[in-house]
2 protein chains.
Amino acid sequence: MKQYLKKHEWQIIEQGFDPHYNRISESIFSLGNGRMGQRANFEEKYSGDTHQGTYVAGVYYPDKTRVGWWKNGYPEYFAKVLNAPSWIGIQIKIGKHDLDLKQCKVAGFKRVLDMKQGLLQRSFVATLPDGKKVKIEASRFCSMADGEVGAIRYSITPENFSANAVITLSVDADVVNKDSNYDEKFWTEVAKEAKAGLALVTAETKKTQFHVTTAITYSIRSAGKTVKGKSKANKKEKYADNVVTIPLKKGVETIIYKYAAVLSSENHPKKKLADNAKKKLKAAATAGYDQLFAAHVAVWTEIWKKCDVTIEGDIAAQQGIRFNIFQLMQTYTGEDQRLNIGPKGFTGEKYGGSTYWDTEAYCLPFYLGTSDPKVGRNLLIYRHKHLKRAIENAQKLGFTNGAALYPMVTMNGEECHNEWEITFEEIHRNGAIAFAIYDYIRYTGDEKYLSEFGLEVLLGISRFWSQRITFSEAKQKYVMLGVTGPNEYENNVNNNWYTSYIACWTMEYTQQALDFVRKDDPTKFNKLVASTKFNEKEETTRWGDIRKRMYLGEDKKLGVYLQQDGFLDKELVPVSQLRPQDRPLNQKWSWDRILRSCYIKQADVLQGLYLFDDRFDNATIQRNFDFYEPLTVHESSLSPCVHVILASKIGYKEKAYEMYLRTSRLDLDDYNNDTEDGCHITSMAGTWMSVVKGFGGMRVKDGKLHFNPFIPDQWKSYSFRIEFRGHVIKVKVSKQGVETIRESGEPVQLVLNGSTITV
Amino acid sequence: MKQYLKKHEWQIIEQGFDPHYNRISESIFSLGNGRMGQRANFEEKYSGDTHQGTYVAGVYYPDKTRVGWWKNGYPEYFAKVLNAPSWIGIQIKIGKHDLDLKQCKVAGFKRVLDMKQGLLQRSFVATLPDGKKVKIEASRFCSMADGEVGAIRYSITPENFSANAVITLSVDADVVNKDSNYDEKFWTEVAKEAKAGLALVTAETKKTQFHVTTAITYSIRSAGKTVKGKSKANKKEKYADNVVTIPLKKGVETIIYKYAAVLSSENHPKKKLADNAKKKLKAAATAGYDQLFAAHVAVWTEIWKKCDVTIEGDIAAQQGIRFNIFQLMQTYTGEDQRLNIGPKGFTGEKYGGSTYWDTEAYCLPFYLGTSDPKVGRNLLIYRHKHLKRAIENAQKLGFTNGAALYPMVTMNGEECHNEWEITFEEIHRNGAIAFAIYDYIRYTGDEKYLSEFGLEVLLGISRFWSQRITFSEAKQKYVMLGVTGPNEYENNVNNNWYTSYIACWTMEYTQQALDFVRKDDPTKFNKLVASTKFNEKEETTRWGDIRKRMYLGEDKKLGVYLQQDGFLDKELVPVSQLRPQDRPLNQKWSWDRILRSCYIKQADVLQGLYLFDDRFDNATIQRNFDFYEPLTVHESSLSPCVHVILASKIGYKEKAYEMYLRTSRLDLDDYNNDTEDGCHITSMAGTWMSVVKGFGGMRVKDGKLHFNPFIPDQWKSYSFRIEFRGHVIKVKVSKQGVETIRESGEPVQLVLNGSTITV
């Protein structure tokens, strides 16, 4: 845990430069706009420790799989988030020296992420080896108003000298993935251009053949006038630049504006990429930095109007929750059905693929609550688009008849993970994808979605469960053998309660969906039956039989559901009795020891009780919470939020707050010592849920918002905004009580602490 | 399955050259002498498909581990059997053309492995591209009389021309492991020499720093006279040779004798290696090919006297059993306590490490039955030497107090395998190592071994079991969670019956061993108690409690032991109902499907009933056999022999014979399509056991040999020889009856079909 960042309501602030924290700051101060983004790398040269990372949404590379021992069924490749051509480079040379913070004395260093405006700022005074002092003020943003545009304002003021400066404004496609399995580079060059006022590189990914054109231009101003300078354009392999020599005058500020256009073949014909990039670039430069920035800020202002959470009396918590919301909003804007929420967003490339079950189980509720319904809908359609691949994926594992198994990790619908215990067995992800359809419709009321896309997905998933579940003659019950539940500290177990429960629920909901679509859109219904060769009678009879006779482990004496068969054979020693030197288990214990221990990486039975909390009474939830919580080590960033929500529900306020602290500043305080690899984007949604569904007790029932708020003792007040069916509702909770304010939309009925009110 | 080899009682014969079979033949025709060996590569150049492999016992390399996802506890390296410098090269150039079977027309090709004499022979007539016809007859052996010596007789007869031939006699250390994880070469050069009559290279393995000196000399004779020729000596990186130009005369045979000495720093001081090699080489050359060969054959004659198995009426079976015995005997001679039996012997480098539990469970009974007791004893001492490493290995996994976990795969006692489900969980190997001590003493009567080495090993293993077994409050029984049994088609299961049973048995036997050593050698006993900090009362009390209250799964209704918890929840569909296109499962089904299926890779419960068959009545064995056999796919080469032995015991003669066919010609017929990687050396011991313990019904009880033989309908007679406590007994079984003959040693009592007889 590190706490080198300053606390501030709206900003993340690093004061003073400590190279040891640089990779962490590069992650935390990352920028994005849903289409592209990059780590908070310096514009100027930096020869110290750094992880240079630029990313373009949807552009990936199928790296060759690396395994120890091949298991039949493994995918041939592992799709990687791709480190993309960099457009931020502004190299400064004064006299014989590069401006390079590794080689300079640095004073007054400050790095600020302004979350209200989506702006990265940096300022410092550097003393070059020859004693020249230069003051730098840099600002950068990726435009939320136009996802293909980025801009930099880079100001230079010589403090004790006048001299010429050589400024290199580059586009660099000669980049490498940190996690390349065989140290390969994944880009080849297609075309490049370098002339006065333009540097452009079009690069192509190997195998996937995505094209990305990155083009930059610039202008330089000093003392209110444009500075022309002596300019030269250069090209190298996968690289282009403009080099400008300008005079710097002691005490006079010179400002470099660098504009970038980043276009990918996902959105433009390959042949038109360069032309379109040049047009876009010209428009950006014509508009100028200030106008681009104003448009960008306007978008953020609108976003915050819908989703801001305030916390009074705890500035660390305030900063934490806004940081989480900010990162989520700049990672995924919901405009493109082909995109999804990578576990590291635009802040790093670890964990490869972009889409995990995190999206459905954690991120969807966040976007439903804070954004236009089309955002959630696009997340669902993303999976609908991948249905064919999910069916192929299931076929590879021996399933038939249109059974669909969605991948554990994916870029394009194909599975690209390869630990057998996860890839093949952590199949509860399929349940989360089904549940997301239900969750979306429950929230938005958009039942039509079932007819349009939802039922087809549900059918594929139910067919999978129906084949995956087998009948035990010994138990005279249906069983589900060989699975890994959400708690990945158990592998290849039988009858994981959560997985079996959500499987049965899926078949139940699919039956309802069938009945709905049959009435709602008979033509569509019949078409679907025909195209999927659905034998309704036979298949739904089996679903019904499974639901009736499914084995769901339970210990009646303890009154708890059993995480899996044999769980009670373990030595049940609470986490509190573990020695500190044994934590975290995943770094200290060998894998087999973890597996046979009782320790739970992340909510498992409790994950089920959270998703289906309207089906269980509080006493049941409490018994299970009391049993499983003391055994949970929360070594997944996705775990604490579920505990916050359940603890809040059963009135364990202290526990809820304790768990909240673990989730809200995970990255800001580098809690798990891994923020340098990138931020934990998907789990940030859990922080939001902790406040809104946990402390705020928000639920949707029968088309209405329900709240059962409480306030942690440590806070004076907190508020959150909820976008719900065309209304924006602000809920403010203080020691004195609860205020509900309708900020936009028509009057609406809410249920507050069980009483219906109209706002 | 391929059947291109000719059948012969004592020979393996390949007639005609099919390059597609070359790698398979290279494996099958391999030579070895316990100290070194090599695949049946051609002496002359071959530019076609080949896997060049030379191996020196005990010389290994710790290759960097390659994994997909790192699991805590994995070893940092994977020790590899090392492809070593080659001494067989005799390149022939006539005119402008190399003799290279890829570039020539080949007639009359014949490759013969003479198993009686341990000789590899090859003859053919090659037509060079320019029409010159040359007849070659090559013979090669690795001397069983001196493990550091090899010799080649290579005869050349020009059929239609006279011309000069340029002969290159090389030592080549520039070799590579086929399975190198990162394509590295593992040898560096230390020294080399090349002068008339000598080429020598001393090479060093990286990291492990083994030195191996390989030296060659030669003589050439034609028409009864020595041919001198024009000679030149050359050196290159990791390479030395002698190049001799000699005249070939049409119709006249020229014979090249090449002698090699291969010495390793395991047996010689590094500084003396080259000198000692030259001395050895000189002695070999002075003795000459014929005398070396005679000494070599004399050793084989003695070996066959003790261990030959004859089968009348089935030449394929006769060839098969001799091939298995031959390979085992040339892989491991039992003279060196540091060596063990690699899964591929000297026939290939796949599977890396040298020692698996195969040694104790399969190979030990073979060597006990066919060799001097010191051979078996040395196999036990090998593990005693590794005890300290086994304790360290257990410590890495969190065990304490001198608990020992022997590695799954090893070269030097350290674990070097890294699939968590095997490395960490297939712990029954520890039981096999304990059982081997019991088995050795039962066979040899050498109880003193317990005092000398045995008890210390047993104590470490029992301590491991005692910690690995935990108490289930729910069951009020001791349980063993998270293991992989011998059936590797189940991973991370609870209460694998075999593992739990052998664990309890180990603690029982360790108790007996304690009592024995206490009486037999009180000083030694007390020293051991002190050095191991053995708290006898406390520790043995726990062992006793575990044995009393261990949970051993059983289904009373079916009357079978349960392979593991939940086995009866599976869909129990017999193998006979699988579609042919689904076999072998490990190539056709994804891993998860295999895991949740009922199919058994190799004997598991049955492995236990085999090892402890004196503790179970025939009805119990039969019930379990009837239950598990139909579910067993035998996709391990170690499986069928156990079924042969049990089937024989319960009178299932047809089944026994059917299973025998699967094991006896596994490599000769390339049954699993993988012989090109090397032969399945360790499972060959199972073939021998199938005949002797299966058909012959051999057991040792109360210090006496017992036999209960039957003869398969397909055979006229069979016989085997058994070395037992200073006697060699031949048992001959025919349709007419059983004959027992004492071939050496004093008169001895045997129990034949329950009646004691004196032979």
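**A helix in chain B**

Modeller: In helix α18 (residues 640-649) of chain B, ten of the ten residues are buried, so the helix is largely enclosed by the rest of the structure. Buried here means that 20 or more other C-beta atoms, placed from the backbone, lie within 10 Å of a residue's own, and helices are DSSP runs (H or I, at least four residues), strands likewise (E, at least two), numbered from the N terminus. This is a predicted model, in which local features need pLDDT of at least 70 and side-chain atom pairs count only at pLDDT 80 or more, while totals for chains, interfaces and linings use all residues. Residues are numbered from 1 along each chain as its sequence is written, with chains lettered from A and ligands numbered from 1 in the order in which they are written.

Colleague: What do the buried residues of α18(B) pack against?

Modeller: They pack against α16 (605-611), α17 (618-628), α19 (653-664) and α20 (681-695) of chain B, where contact means C-beta atoms, placed from the backbone, within 7 Å.

Colleague: And which residue just after α18(B) takes a positive phi?

Modeller: That is B:Gly651, with a phi of about 85°.

Colleague: Switching topic, how can chain B be laid on chain A?

Modeller: By a turn of 180° and a shift of 0.0 Å along the axis, with an RMSD of 0.1 Å, superposing by least squares on the C-alpha atoms of residues with pLDDT of at least 70 in both. That is the relation of a two-fold axis. In chain B, the C-alpha nearest the axis belongs to B:Val67, 2.4 Å from it.

Technical notes: Buried ≥ 20, exposed ≤ 12 C-beta atoms within 10 Å, placed from the backbone. Contact = placed C-beta atoms within 7 Å.
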